[in-house]
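Notebook open, model loaded. I want to jot down what I look up as I go, starting with the rings and moving on to charges.

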Amino acid sequence: MLVLAGVLPDFRIESADGDSATRVAVTAALGAGGFGLLSALVWPLLVRALLLVPALVLGALVFFLNGSLLLLALRLNPSGRGDAAWETAVVVAAVMSAVASATGGTLAVRDDEAYRRRLHRLTRRRTRGARPAPKAAGTVFIQLDGVGHDVLLDAVGAGRMPTVAGWLAPGGSHRVTRWRTGWSSQTGASQLGILHGSTDDIPAFRWYEKDTGVVMVCNRPSSAQELQRRAIARTGHGGLLARDGASRGNLFSGGADQLALVLSVAARRGRGNRSRAGYFAYFADPANAVRTALSFVAEVGRELGQGTRARLRRERPRVGRGGLYPLIRAFATVVERDVVVAAVLGDMLTGRTAIYADLVGYDEVAHHSGPRSRDAARVLARLDRSLALIARVAEHAERPYRIVVLSDHGQSHGETFHGRYGLTLTDLVRAGAGLPVPRRAQRTHSGAEARNAARAALGRPVEEHAARRHRHSDPVVLASGNLGLVSFPDVPHRMTRQEIDDRHPALLSTLANHPGIGFLLVADEEHGGVVLGAHGAAVPVGRLTDGEGPLADFGPGAADAVRRTHGYRNTPDIMVNSWYGPEEDEVLAFEEQIGSHGGLGGAQSHPFVISPHTLPPPLVDGAEPVGAAELHTVLASWLAPAAAAPAPRRPLSERPGRTAP
């Protein structure tokens, strides 16, 4: 305060005639003390009141609220000598909070003993006498959203993730294992399978349901709530976290009773919605609020600079990064990360048995900058620091913790379908169906997870327009990364190849023969289902073989993934997978993303699990898990009361070469 009073012309802590150094020091001490006291007493009440308004608005108000508290402290100063212009008070309060936090160790989310001790004291104070000290080991699952197995190994080898590198080094504490997603390689299917044990009837990130006439979107709160309900009804159990669990920053609850930033409960109204309580727990500390607000502003500036550099260098491929995207990115890489990590630390210090948290920052940045870009690599480095903090805080917990790091899918690089061919999938479908095509292509917006998480934090409707009912005859065309879905809403059942040919004779051939399309899946009256490729290729689903026919370039497991999706109740009339070039290792996204996931082709289907050697290897029948539901059985066995649970076995109906029911 003394330094700022000497630097800023509109801020003074002495009379106009001047005061002695002692009096000035006393005035500064009283002003700073009053500001600190008001921050400790009044700030939590302000934050609780502001939970009634959009959460992100709180970040914008942090500076103004702090400035108001400083002005009040100066007015209450017994010396009567403190005064500042209102805009100056905002600056002074922000600088004081940041400096005090950095000095006291309450600001850094890195390797700070003071931060850990302080958090420990706060947590014990809130839960004093509530929980006995447990002895059995707990488990923390940290999901690094969208980080593929290949990207992880590259980052470790390049020294960008020293914490993970130390775990995986020879003689280290952990191992890394690759697993394989289904056809729908996206967070909605993967996380529902991991947390609730079922991925049935989730063909994509978004799809049209003919029985209700509604478009389901995995990261829309009402859809997430319904998908969770269906999974619980199908499996008969609450989820991976049903036993003393905590769910942080996820699409689904996993059955946990402790929730923060969980989309499946964000649609609830009233006292049943506890998801936004995570904001209060974090922002109740004014140091956290200032730190996150400053980091948020810095991240917005970083994105503006990186986006401008990409345009000036004319980098290709490139997608638009204007509009609200800088704010969405800052929310994912700063706000959600800080709130989720703080919630995980609190869960560990209170002794929760199972904790599952999703950090979405890398996925959001990689969508727009590319999975191997310098921008995405920097996000990985910051996520590694968060893992380091979690590991060190575990040392202060009442019980030992096993830290498991995993991802839900990878990302595949490539130009957008629109960027390469000048038209969208919707345009191609309409042209093949003989319908009018807009003269100017309408781009498909990104469906990244962080966008709707931010909208939920703002208290705004999330893609509610997507839930409108479609009963007209025009096809509904949806995109999920490099996976496209085409449905005819006026036909109540899944149309067969023959019915589509009768209605639109050129449609299937137009799609199958386009150079940007890899293959199609449609129902068939004779064979049940067929996969269509270029030049008239048509292979019945029952005869699909990896490495042959239309699936020749899509790698091991593609045939089983297509067969399984063919059996879903909600499979659309036409499933469209984009071209994949194994030599270029590129796909063509139907959304505006240069790092995409959602279909088959490349690294998007290969996430990872990093697990400690104290746990059995994450294998099923001695092989890598195939599908998120299999991974769920592995994780559930780790949480079983028996320390050495038997190795999970794959149900006969879901083993390679067999069609799941």
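Predicted model: local features only at pLDDT ≥ 70, side-chain atom pairs only at ≥ 80, totals over all residues.

Is F519 buried or exposed? I looked it up: F519 is buried, at a relative accessible area of 0%. My cut-offs for that: buried is under 20% relative accessible area, exposed is over 50%, and partly exposed is in between, with a 1.4 Å probe and protein chains only. The areas themselves come from the Shrake-Rupley method with a 1.4 Å probe, and for residues only the protein chains shown count as cover.

Residues are numbered from 1 along each chain as its sequence is written, and side-chain values use heavy atoms, with hydrogens and water left out.

**Rings**

I searched for aromatic pairs and got six in the structure. The rings of F519 and F554 sit with centres 5.1 Å apart and planes at 85°, so I logged the pair as edge-to-face. The rule I used: rings of Phe, Tyr and Trp (its six-membered ring) pair if their centres lie within 6.5 Å, with planes under 30 degrees apart called stacked, over 60 edge-to-face and the rest tilted. This pair links distant parts of the chain, as F519 is in strand 14 (residues 517–524) and F554 is in the loop between strand 16 (538–540) and helix 22 (558–566), 35 residues apart. Helices (H or I, at least four residues) and strands (E, at least two) are DSSP runs, numbered from the N terminus.

F554 is buried too, with a relative accessible area of 9%. I then found F554 in an aromatic pair with Y580, a tilted one with 6.1 Å centre to centre and 40° between the planes. Again distant parts of the chain are linked: F554 is in the loop between strand 16 and helix 22, Y580 is in strand 18, and they are 26 residues apart. Y580 comes out buried at 10% relative accessible area. Put together, W183, F519, F554 and Y580 form one aromatic cluster.

**Salt bridges**

Next I ran the whole structure for salt bridges (a side-chain nitrogen of Lys or Arg within 4 Å of a carboxyl oxygen of Asp or Glu). The search returned 29. I wrote down three of them.

E299 bridges to R329, with the closest N and O atoms 2.8 Å apart. E299 is in helix 13 and R329 in helix 14, so the pair ties together parts that are 30 residues apart in sequence. Both E299 and R329 are buried.

E303 bridges to R321, closest N and O atoms 2.8 Å apart. Here E303 is in helix 13 and R321 is in the loop between helix 13 and helix 14, 18 residues apart. E303 counts as buried because its relative accessibility is 1%, and R321 counts as buried at 9%.

R503 bridges to D490, with 2.7 Å between the closest N and O atoms. R503 lies in helix 20 (residues 497–503) and D490 in the loop between strand 13 (483–487) and helix 20, so this pair ties together parts 13 residues apart in sequence. R503 is partly exposed at 28%, and D490 is partly exposed at 35%.

Which residues join E299 and E303 in a network of salt bridges? I listed R302, R309, R321, R329, D375 and R382 along with them.

**Helix 15**

I checked burial along helix 15 (residues 361–369): nine of the nine residues are buried, so the helix is largely enclosed by the rest of the structure. Among the buried ones are D363, E364, H367 and H368.

**Surface charge**

Last, I looked at patches, which are made of residues with over 30% relative accessible area and no salt bridge, like charges being joined within 9 Å. R311, R314, R316 and R318 form a positive one. R318 is in the loop between helix 13 (286–312) and helix 14 (325–349), and is partly exposed at 32%.

D553, E583, E584 and D585 form a negative patch. E584 sits in the loop between strand 18 (580–581) and strand 19 (586–587), and at 45% relative accessibility E584 counts as partly exposed.

Conventions:
Patch = residues over 30% accessible without salt bridge, like charges linked within 9 Å, V, L, I, M, F, W, Y side chains within 5 Å. Lys, Arg positive; Asp, Glu negative; His and termini not counted. Charge placed at Lys NZ, Arg CZ, Asp CG, Glu CD.
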